[in-house]
Amino acid sequence: MKKERRRLGDRKDAKLIRDIDELHIAMAHCYPNRTDNEAYISEQIELEPIRKWISEHPDVEFAYTFFHVIVAALMKLLVVRPKLNRFITNRRYYQRNERSVGFIVKKAFTDEAGEGMAVLKSDENTNIFGVHEAIKAQVIPCREGKSNGTENSMKIFKKLPNWITRIVFNVVRHMSDKGTLPKSITDGDSNHCSVFVTNLGSIGLKCGYHHLSNYGTSSVFVVIGEKKLSPFYDENGNVTMKETLDIGLTIDERIADGFYYARSVKILKKILSHPELLELPFETAVEI
């Protein structure tokens with residue numbers, strides 16, 4: 001994204017949006033908390049096109065998965081649908097300077113294993129191959145036990161009394177609202193990403209609603225469910241069973257209107273039904 005000069009009212013991580021209509025200005029003041037403005041959208045994705053694309057792009061060292069394709073599709077969506085890359089804090093609307101997707105990495109599939117945070121960033125020229133390499137660069141070190149700056153910063157709280165931790169986190173929340181947290185913290189924090197993704201299907205759970213958070217700046221939370229067989233009917237009533245998965249999106253309804261969200265979901269489904277679109281730079285338009 002082209003870097004613009006910072007103006008009065010802008011944050012380090014975002015530009016103040018100055019041309020908001022009166023209805024959305026009122027919404028930010030009437031309903032100031034992100035968790036009070038959650039809208040939930042559930043969609044079913046047919047997996048055969050993605051499976052076919054993955055089979056045509058083998059990677060022995062770090063195989064492509066459905067998750068990688070979906071994350072790449074979300075990152076492309078942030079480019080072609082820029083209002084999804086907005087957030088509201090202190091009753092003001094902001095457009096992010098960067099596009100990012102965050103997710104939690106389970107370090108091992110055991111009850112005792114810990115979790116780490118991964119954050120991916122992209123620009124207009126990124127494609128799925130760049131996203132795949134970025135995921136690889138984050139996931140492998142995490143599963144080897146390495147921590148990012150945000151995780152290292154949080155380790156100190158294990159040694160502090162609870163009352164001091166509470167004071168520190170009150171300061172952190174205030175700095176987050178003002179946009180003054182250092183990049184060493186926000187760059188590795190999924191709560192400050194454009195989209196927060198969780199892959200429940202990887203641990204055998206169905207897709208479901210997940211709340212947003214008043215902390216941080218994430219306005220979109222995406223839940224990926226487990227694979228399953230679903231019936232598809234033709235115009236004659238004949239049924240065919242196809243492999244699918246459900247995707248749930250929890251969004252802050254204040255950052256765009258229903259028409260914009262509906263069109264965005266249609267574009268996301270178009271991308272996932274034609275994964276070859278992700279081979280092009282993310283700025284390439286998608287027709288629906």
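**Labels and their cut-offs**

Author: At 48% relative accessibility, Met 241 counts as partly exposed. The model is predicted, so local features need pLDDT of at least 70 and side-chain atom pairs count only at pLDDT 80 or more, while totals for chains, interfaces and linings use all residues. Residues are numbered from 1 along each chain as its sequence is written, and side-chain values use heavy atoms, with hydrogens and water left out.

Reader: Why is Met 241 called partly exposed?

Author: Buried means under 20% relative accessible area, exposed means over 50%, and partly exposed lies in between (1.4 Å probe, protein chains only). Met 241 has 48%, so the label is partly exposed.

Reader: What makes the nonpolar surface patch?

Author: Leu 229, Tyr 233, Val 239 and Met 241 make a patch of about 470 Å². Strand E9 (228-233) and strand E10 (239-252) are the elements that give two or more residues to this patch. Nonpolar side chains (Val, Leu, Ile, Met, Phe, Trp, Tyr) are joined within 5 Å, and like charges within 9 Å. Areas come from the Shrake-Rupley method with a 1.4 Å probe, and for residues only the protein chains shown count as cover. Strands are DSSP runs of at least two residues, numbered from the N terminus.

Reader: Which residues does Met 241 touch, leaving out those up to four places away in sequence?

Author: Met 241 touches Leu 229, Ser 230 and Pro 231, where contact means heavy atoms within 4.5 Å. Met 241 and Leu 229 are 12 residues apart in sequence and 5.9 Å apart in space, C-alpha to C-alpha.

Reader: How many aromatic pairs are there, and what makes Phe 87 and Tyr 94 stacked?

Author: The structure holds 6 aromatic pairs. Phe 87 and Tyr 94 lie 5.5 Å centre to centre with 20° between the planes. Rings of Phe, Tyr and Trp (its six-membered ring) pair if their centres lie within 6.5 Å; planes under 30 degrees apart are stacked, over 60 edge-to-face, the rest tilted.

Reader: Why are Phe 196 and Phe 221 a stacked pair?

Author: Their ring centres are 4.8 Å apart and their planes at 20°, so the pair is stacked. Phe 196 lies in strand E7 and Phe 221 in strand E8, so the pair ties together parts 25 residues apart in sequence.

Technical notes:
Patch = residues over 30% accessible without salt bridge, like charges linked within 9 Å, V, L, I, M, F, W, Y side chains within 5 Å. Salt bridge = Lys/Arg side-chain N within 4 Å of Asp/Glu carboxyl O. Helix = DSSP H or I, 4+ residues; strand = E, 2+ residues; numbered from the N terminus.
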